[in-house]
Amino acid sequence: MQPKYRFSETQFTVSPLKHSATRLIEIASDQGGSHQVNAGIRWLDHCHGELTVNGVVRHIYAVQDDQTLHVHMDGKVWQVDIVDEFSDAGGASDQAESGLVKAPMPGVVLDISVKEGDQVEEGQLLMLIESMKLQMEVKASLSGTVLLLGVDGVGASFDKGAQLVNIRPHDESLESGRKGGE
Amino acid sequence: MTARNSDKPDTEPLFKKVLIANRGEIALRVLKALQSLSIPSVAIYHHIDRKSPVVQMADEAVEIFGGSPSGAHLDIEQIITICEQRGVDAVHPCYGFLSENAGFARALEERGIQFIGPSPEVIELMGDKITSRDFVARQGVPVPPSITLAAGDPGFMQAVTDLGFPLVVKASAGGGGKGMSIVNTREELESTLRVARSEAEKYFGDDRVYVERYFPSARHIEVQVLGDSQQVIHLGERECSIQRRFQKIIEESPSPVFAGAAGNKQRESICQAAVAIARAAHYTSAGTVEFLYTPEGEYFFLEMNTRIQVEHPVTEMVYGVDLVAEQIRVAAGHSISVNQNNLTPSGHAIECRLCAEDAFNRFMPATGKVLHLKAPSGEGVRFDSGLYQGQDITTAFDPMLAKLVIHASSREEAITRMIKALRELVLLGIDTNNEYLIRILEHPAFSSGEFDTAFVERYVGDLVASIPDRDQLDALLTAALLSDRKVQILEKATPQPYGAIGYWRN
């Protein structure tokens, strides 16, 4: 097996090579290069373990939630995403449609200042959203026409990353995804 | 936590039954005080909090309903009805929600139920930032220069120019760091006033705002007071300058700014000013007077909070007093169990507020689930939390998850032990500001004690997440591999000889 993990925008392939008293594990990064480590783990309970890597012992706590591994190590918490080899590895979401406004955090819509078809200017106020008692103004990232409002209306709730508004830029040449042949 | 000055228990409990009108960590903390006084308790909870510790541990628990979880906790009629149905004779409002709602205090009073806090008149006086300022100024305590004209008034813009920038727009019914916006230029003023009014209407039901001189480089020092029908005493000051978005994230007692003999005199002066204000208001129960403290050593009254505060534990640990138990005693008509002259503060206490947010990315609120929690422990370690295994952390409530409080014999030791405790705290499943708090504590400007409310912004470049070195990254990825359920299952299913061989390479 060649499990793949994503941490801090880099993808790693972490492969168990040998499994006896200690393991030999190979770590390869998508930035190039690979190396091997000797490792072992002694589980003290379902999420608390004593990890040894090249002779250095650490206590770790690790919990898996769907496709994310939450690890407490060296006095802080780290998140490693499991890359599903059979789905789009994705990477950083390509905001190819530059007029797309995504929710920076989960929340609720307080007020909507535009409707579909409206012409908007860069910086124009589109809507007011709120999360955990923090209000935020959502502004147009460029000038164009409001193509789509991604929320049902005032009072609608949304998750982080949800599409709030999509604006078609005035300058047609800025549109992406139209490389020949599409 | 025992109060060094606690009396022997009375033969009769102070109240027949107390309802805790709140949730989360503070509701649990109040429950502990009730248990220490052998007073039966009633917890109220919205459905999403049904598994929380206070609900599990209170003597009785009643579900409340509303359009939103917060809305349910603000439903005065529903709460009073529950009190009457359950034979409750007193309510502890904790902080937030209805704790500074004079209408709630009055409604309880009318139904013969004791509100554990000051009188409705005092709540109203101090709840309105404009009337409280005027009251305090009349007592001879300095207040920040401000404009009392309405924005539509013809003289308003001239008054703004006279006051000078930067200014702060504050909601008259606001407080606790909410409903405040800074204005640096005339151009910003109009839109800031608009947003401030809308927020004030939404959060406080009162769109009145006023404009005050803003001191960009000052400290936030507050004084804990405690009053009964006979006297008002103070329990020293708390330093609360480490803030983000006007909300405190680290607090301590005593303040490092009052070091030495000169510092002691300043401390005495500001504490006496707080007592004078509370006395003039005939203050009973626990309260906090907040001041702005300038580099020149001047102080100005900011506001008075007529409730127990989030950061009360640092005072409790230094003075050995159970402030919530004192509130309950006073509400039952007893006197506070300590005097100004027999109070003996000792050591230093620091509190860190653990919040659900991505602190290194503009403090964006985070959501998630408590997948695993292991609280730090040890001498001088106090962890006030309402967290429980499997809890969903949503946008329904405030992002504060828990408070970690450390008490030690010196400030230096408290900082060291706090860093250690934060590193030991395991909370998996939600982004928190844990590492960010550690960065602050490690910062030389924090350990020197020379900081003010601009600390977080000033040192934003230093308060960054650590980057793993090669060995750490190897350990992390190895930990990921060995914890990955799919890998574990596959390895178990693979017969040993093949496991030893590993995968075939081309």
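**Note on the predicted model of chains A and B**

1. Thr306(B) touches Ser99(B), Glu100(B), Pro118(B), Val122(B), Ile123(B), Met126(B), Tyr283(B) and Ala286(B), leaving aside residues up to four places away in sequence. The model is a predicted one, and the contacts of Thr306(B) should be read as features of that prediction. Thr306(B) lies in the loop between strand S14 (299-305) and helix H11 (312-319) of chain B. Its relative accessibility is 2%, and because buried means under 20%, Thr306(B) counts as buried.

2. Also in chain B, helix H14 spans residues 434-442. Eight of its nine residues are buried, so the helix is largely enclosed by the rest of the structure. The buried residues of H14(B) are Asn434(B), Glu435(B), Tyr436(B), Leu437(B), Ile438(B), Arg439(B), Ile440(B) and Leu441(B).

3. Chain A contains a closed barrel of eight strands, in the order S1-S2-S3-S4-S5-S6-S7-S8, and the pairing is antiparallel. On average, neighbouring strands of this sheet are turned by 35 degrees against each other, with direction ignored. One of the pairs in chain A joins S5 (residues 48-53) to S6 (residues 56-65) over six bridges, in the antiparallel sense. Within it, Thr52(A) stands opposite Val57(A) of S6(A).

4. Two helices of chain B pack on this sheet. Helix H17 (residues 470-483) of chain B touches strands S1, S2, S3, S4, S5, S6, S7 and S8 of chain A. The direction of H17(B) makes about 55 degrees with that of S4(A). Helix H18 (residues 485-493) of chain B packs on the sheet as well, touching S1, S2, S3, S4 and S6 of chain A. For H18(B) the angle is given against S2(A), and is about 20 degrees.

5. As for the interface as a whole, 58 residues of chain A are in contact with 60 residues of chain B. The two chains bury about 5300 Å² between them, with 65% of it on carbon and sulfur atoms. On the chain A side, Met1(A), Met132(A) and Lys133(A) lose the most area to chain B, and together they make up 15% of what that side buries.

6. Polar features of the interface can be listed briefly. Between chain A and chain B there are 11 residue pairs in polar contact, counting pairs with both residues at pLDDT 80 or more. Two salt bridges are found across the interface. The side chains of Lys202(B) and Glu130(A) meet in a salt bridge, with 2.8 Å from N to O.

Notes: Residues are numbered from 1 along each chain as its sequence is written. Chains are lettered from A and ligands numbered from 1 in the order in which they are written. This is a predicted model: local features need pLDDT of at least 70, side-chain atom pairs count only at pLDDT 80 or more; totals for chains, interfaces and linings use all residues. Side-chain values use heavy atoms; hydrogens and water are left out. Two strands pair if DSSP finds at least two bridges between them. Helices (H or I, at least four residues) and strands (E, at least two) are DSSP runs, numbered from the N terminus. Axes are lines fitted to C-alpha atoms, for helices over the stretch in contact, and angles run from 0 to 180 degrees between N-to-C directions. Contact means heavy atoms within 4.5 Å. Buried means under 20% relative accessible area, exposed over 50%, partly exposed in between (1.4 Å probe, protein chains only). Buried area is the accessible area (1.4 Å probe) that two parts lose on being put together, summed over both. A salt bridge is a side-chain nitrogen of Lys or Arg within 4 Å of a carboxyl oxygen of Asp or Glu. A polar contact is a pair of N or O atoms within 3.5 Å; within protein, one must be able to donate a hydrogen and the other to accept it, and residues adjacent in sequence count only if both atoms are side-chain atoms.
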